[in-house]
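Take a look at the fold below.

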Amino acid sequence: MNMNFDLYMNDILKTARSEMEASGYEQLTTPELVEDAFKRSGTTLVMVNSVCGCAGGIARPAAAHAVHYDKRPDHLVTVFAGQDKEATAQARMLFGEDHLPSSPSFVLLKDGKMVAEVGRYEIEGHDPMSVVTNLQSQFEEYCEEL
């Protein structure tokens, strides 16, 4: 059996992107799109997506379910680490020096400034509901009620 690795990975990437878009997240694929999104007023949840197992099994499901809450971010966006490298690098630069780069991860912005984050160490090895609870506690603190 001969398997084309690039075709296999493209299928995984397409699925990973589609899952986020179906959950209401806007894809930021260029540094310019990142800049524009980070200039928005209000709260923005940034999901740093990846193809690793903890992204697929924990982080993306958590991203989809966390936003079903009385308080939620005004904007939902995602960058794809390893795929949209320039966009991810721009996001990480704008997160600030206190940010610990990891993927998958979540960063909550308020008026373009990082106020909270959930790093890979808080995702990997945890169940999706504990990540949802973590995100929603941040929403409770920083977001307005719908």
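**A guided walk**

Helix α2 (residues 31-38) packs against helix α4 (residues 85-95) at an angle of about 35°, and their axes lie 7 Å apart. Axes are lines fitted to C-alpha atoms, for helices over the stretch in contact, and angles run from 0 to 180 degrees between N-to-C directions. Helices (H or I, at least four residues) and strands (E, at least two) are DSSP runs, numbered from the N terminus. This is a predicted model: local features need pLDDT of at least 70, side-chain atom pairs count only at pLDDT 80 or more, and totals for chains, interfaces and linings use all residues. Residues are numbered from 1 along each chain as its sequence is written, and side-chain values use heavy atoms, leaving out hydrogens and water.

Which residues of α2 meet α4? They are Pro31, Val34, Glu35 and Phe38. Contact means heavy atoms within 4.5 Å.

Now the sheet. It is open, with five strands in the order β1-β3-β2-β4-β5 and mixed pairing. Two strands pair if DSSP finds at least two bridges between them. The edge strands, β1 (26-27) and β5 (113-118), each pair on one side only. β1 runs parallel to strand β3 (residues 75-80), joined by two bridges. Here glutamine 27 stands opposite threonine 78 in β3. Helix α5 (residues 128-142) lies across β2 (43-49), β4 (105-110) and β5, at about 155° to β5.

Last, the cysteines. The structure holds zero disulfides (cysteine sulfur pairs within 2.5 Å).
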